[in-house]
Amino acid sequence: MENQLNPDNLPNNLPNLPTRRRFITITSGFIGSLILGDRALGATKPVAKKPVVKKPVVKKPVVKKPVAKATSTPAPSASPSASPSASASPTPPPNTAPDAPVIGKASATGATGATIAFTAPAKNGGAPITSFIATSNPGGIKVTLPQSDSGTFTFAGLTGGTAYTFTVVAVNSVGTSSASAASNEIKTLDVVPASAIAIKKSGVALTLADIEVGKTISATNSATNTNLFVARLGEDLFKGYPTSCTHQGGPLAIQGKTLDCPWHGSKFDAQSGAVTTGPAGSPLTPIKVAALNGALYII
Ligand code: FES
């Protein structure tokens, strides 16, 4: 129950009361405060602060989401077959082209032919050899032998008087081997033209062995059975000369390095046919001479 005092009934001798506006509110069982104007006269009973009770922070357990594992196909190395303890038999290596054949002896058989021997390689690459192919150099002429063993090639159609070497390859169902080493060099025989005239000495064909380089000899035209001089200017260089003087046709004779005319004393160089002493004014007219397969011919 609340009792209220009328400020007008308060005694006027209350000290230090600046105004008459004062009141006392008394609440039964409790005097909360005395307020005079805007000045506090009494201490307010401290309000007991409730202790702050910190609630323990309950940490939520971190739940890790399981990481999804990749579903890729396992590597081949993880397969049981790759295990060192696997009992599967090893895979045989794939077949390859054969090894190179071994070149043999090459031989000329004429002006346009040759033979070349070869030996089959020891390793055929796992597949049977089906053929061998030989190639000429120069010319690139090829000859094929459809066989699996060693053998001999026979070439035709080569060029006469030409030096050749040959190589051989082996072929199987996989491919072609590398080339063998080059053969020995051969030289096909010279082709003797039908118009060529053999030169003879004492009734026998004149050969390279009958005349030295730098020398001139007397020989016979086998077609006309007349004489001529044959000079060898180099290893494979020959010239022929008539035996009559260019002055008035006197008979020439070999005198060392000159061809001398007994009629008026003219002399000619035995190698070049040039006049070295007159009165002849013209050199000897050369005759074309060549060595074919070791023999001398007028061509
Ligand atoms: S014919 Fe030979 S020099 Fe006169």
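Which residue in β9 is the bridge partner of Ile116? In β9, Phe153 is the bridge partner of Ile116.

The model is predicted: local features require pLDDT of at least 70 and side-chain atom pairs count only at pLDDT 80 or more, while totals for chains, interfaces and linings use all residues. Numbering starts from 1 along each chain, following the sequence as written.

The protein chain contains 22 strands and zero helices; these are DSSP runs numbered from the N terminus, with strands (E) of at least two residues and helices (H or I) of at least four. Of the 299 residues, 19% are buried, that is, with 20 or more other C-beta atoms within 10 Å of their own, the C-beta atoms being placed from the backbone. Among contacts with a separation of 6 or more, 50% join residues 24 or more positions apart; a contact requires C-beta atoms, placed from the backbone, within 7 Å.

An open, antiparallel sheet of three strands has the order β5-β6-β9. β5 and β9 are the edge strands, each pairing on one side only. From one strand to the next the twist averages 20°, based on axes fitted to C-alpha atoms, with angles from 0 to 180 degrees between N-to-C directions.

Two strands count as paired if DSSP finds at least two bridges between them.

| Strand and residues | Partner | Bridges |
|---|---|---|
| β6 (residues 114-119) | β9 | five bridges |
| β7 (residues 129-137) | β8 (residues 142-145) | four bridges |

Within the second pair, Thr135 stands opposite Lys142 in β8. β7 and β8 form a hairpin with four residues between them, and Gly139 in the turn has a positive phi of about 100°.

Terms used. A residue is buried if 20 or more other C-beta atoms lie within 10 Å of its own, exposed if 12 or fewer, and partly exposed in between; C-beta atoms are placed from the backbone. Two residues are in contact if their C-beta atoms, placed from the backbone, lie within 7 Å.
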